[in-house]
Amino acid sequence: MNKNLAFIFIAIIAFVSGVSAQADRWQQHINYNIKAALDVNTNIIKGTEDIVYTNNSTDTLRKVYFHLYWNAFQPNSAMDIRSRELGKNLLNFRRGAITASNATMLGQEATQDWDRRVRDRIQKLTPTEIGYQRISQILINGKVQKLIEHETILEVQLTQAIAPKTSIKMNLQFEAQVPVQIRRSGRDNAQGVRYSMSQWYPKMVEYDYQGWNANAYIAREFHGVWGNYDVTLSLDKSYMVAATGVLQNPNAVADKFGNLSWNFTGKNIHDFMWAADNKYKHLSKEVRKGLTLHVYFKEKNASSDSAWANILWAAEKALPYMEKKYGAYPYPQYSFIQGGDGGMEYGMGTLLQGPGLGTAIHEWMHTWYQHVLGTNESLFPWMDEGFTSYAEDDITYWYNNNYARLSPYINEKEKARLKAEIETAKTQLPAIQFGNYTGYLTLAKSGIEEPMSTHSDHYNYNYSYSSAAYTKGATFLGLLGYVVTDSVRDAILLNYYNIWKFKHPNANDFFRVAEKTSGLQLQWLKEYWVNSTKTIDYGLNDIQAGNNTAIISIQRLGKLPMPIEVLITYKDGTSELHYMPLDLMLGGKASEGAINQIAHPAWQWVAPTYTFETSKPLSALKSIEIDPSYRMPDLNRSNNKLEIPN
Ligand SMILES: [Zn+2]
């Protein structure tokens, strides 16, 4: 370590320990007391909500809004039209011809850019298959409020404004029809689960420092108000109910009509999901004092059943690593529930189509980003899906290396497959986030990339949304490790969680934590990576013989500037890592690995080339490689490495 870097290292330690305390940002608060009865013959659910809503903002509220999500499942709804319109976008990846016009020419190889689960299915729903949610009335202090329905958003014009720092009580009555399962929620999904009940009750729209988040439901994302839920569900006694929250009445008996009531409570959550089936099998385990994990699934065959059991086994093993890397899990339970149409995250639970472990870990990990931090997924989808995808790969990699083959729930064939997967991962760079980097690089070359700052409902393509949110978002954390070191990146993630939990952080909030933790300036990274589609490409430019050295020139070809690492390997087997910080950082990262690091003066971002000297002569060089750790998502790696022939 040279002197320059010793100073930087000390500065980093000081900054890391100097970041603490919770962020100061007001949050609304809500208590729901919901009583609902589901008729399993008509699929109609009727209920009441008693709400206590506290306005912690500095604003006087004259209106409030509710989500009526299930109104989306009707022909010609915004969700239906949006899906059919996106279906007209044609994508083709195999030939690298991704523009719609090219894809049209390529005919059958083109892929329609709509969610394959939704497609044009909503348009075909019959009156008994559609979904709806209707609020018949809302009372405040006995007074009827004026309601205006905007399809999936209900506007409530209040007879009495809600002053800052005051609470109001609301009572509402609702009726809903459970739609045939199209997306996430509904009845009778492809696996035969009778009820996947997400987005099932009138849910208050979140009001935060950005105002009302009254987004119509056309595809995704569920911002919400944190609070406490007390939910009583009544339905035919032959059904088992799995839900958000802790069951309060496990010994309840059916009433004279054969209905059983299930009462669940959950604290400090912003949504409540449940599922019900008359053939669920239930496994559970108290994995530590005060935390019970549950699995609910429909028995199918030996391998599927043991894969569900494996989720419970693996979740217990993975949890300590998850908490050490990403922060404490704060709730008393979590349920992996078969239902829905893929994997979808909710408070204290997930609906999973099948028992894939990667998806199960992904959805559980959403508890950290979607539920506890509560990032607004419409505005910052990459901070939710991207960070979750990053963590999923990190945890899966760790679990596969440490526990996977010890599980009593996987067979020899599966063990062999895992072993091969681990061996393959060792050859891929970057080892852990390889899939996400590949996905991002495909997006960056597609010609239809849009900035990650785009509202998630408003991308031109579903593909651009999902790649930006998932793979570019996950790649960001790999790239951040490259810029500030992996260990500082890990410290940033923990600080971010602890400072911003239950506060709806935005992109800038994350970057401020990253700056304070690393001691480096990172605004440039936010502007380029989040708000633009500019890309990274560095290449070797020139090599000259110096005075007992080699003079190496590196070229910036892409528009996105980066700090640069160059690995020089000598014929004698030694190597050195040359490091050029970017001037915009106003500092540099500490040395990371065992390789001798040589730090150079910062590369001015305005300069297209940078020249440095090696410690040994040109004749001693074996190879030169830009970004040997592959953590920099360089669009063209063919100009990164030079092997010098003997
Ligand atoms: Zn996700």
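**Exercise 1. Explain how far apart histidine 362 and histidine 366 sit along helix 5 (residues 357-372).**

Solution. Histidine 362 and histidine 366 are four residues apart in helix 5, so about one helical turn separates them. The model is a predicted one.

**Exercise 2. Decide whether histidine 362 is buried or exposed, and list its surroundings.**

Solution. Step one: take the relative accessible area, which is 7% for histidine 362. Step two: apply the cut-off, since buried means under 20%. Histidine 362 is therefore buried. Histidine 366 is buried as well.

Step three: find the neighbours. Leaving out residues up to four places away in sequence, histidine 362 touches Glu385, Thr388, Ser389, Glu392 and Tyr470. With glutamate 392, the side chain of histidine 362 makes a polar contact of 2.7 Å. Lysine 415 gives a further distance: its C-alpha atom is 21 Å from that of histidine 362, at 53 residues along the chain.

**Exercise 3. Classify the ring pairs that phenylalanine 387 forms with tyrosine 496 and phenylalanine 510.**

Solution. The structure holds 45 aromatic pairs. In one of them, phenylalanine 387 and tyrosine 496 are 6.2 Å apart centre to centre, with 75 degrees between the planes. Planes over 60 degrees apart count as edge-to-face, so this pair is edge-to-face. Phenylalanine 387 belongs to helix 6 (residues 381-402) and tyrosine 496 to helix 10 (residues 486-500), 109 residues apart. Tyrosine 496 is buried, at 0% relative accessible area.

Now the second pair. Phenylalanine 387 and phenylalanine 510 are also edge-to-face, at 5.1 Å and 65 degrees. Phenylalanine 510 lies in helix 11 (residues 507-518), so its pair with phenylalanine 387 of helix 6 ties together parts 123 residues apart in sequence. Phenylalanine 387 is buried at 0% relative accessibility, and phenylalanine 510 is buried at 0% too.

Of its 183 residues, Tyr53, Phe66, Trp200, Trp274, Phe510 and Met562 touch the most other members. Helix 9 (residues 462-484) gives the most to this core, twelve residues.

Terms used. Residues numbered from 1 in each chain as written. Predicted model: local features only at pLDDT ≥ 70, side-chain atom pairs only at ≥ 80, totals over all residues. Heavy atoms only, no water. Helix = DSSP H or I, 4+ residues; strand = E, 2+ residues; numbered from the N terminus. Buried < 20%, exposed > 50% of the residue type's maximum accessible area, 1.4 Å probe, protein only. Core = buried A, V, L, I, M, F, W, Y, C linked by side-chain atoms within 4.5 Å. Contact = heavy atoms within 4.5 Å. Polar contact = N/O pair within 3.5 Å; in protein donor to acceptor, adjacent residues only side chain to side chain. Phe/Tyr/Trp six-rings, centres within 6.5 Å; stacked < 30°, edge-to-face > 60°.
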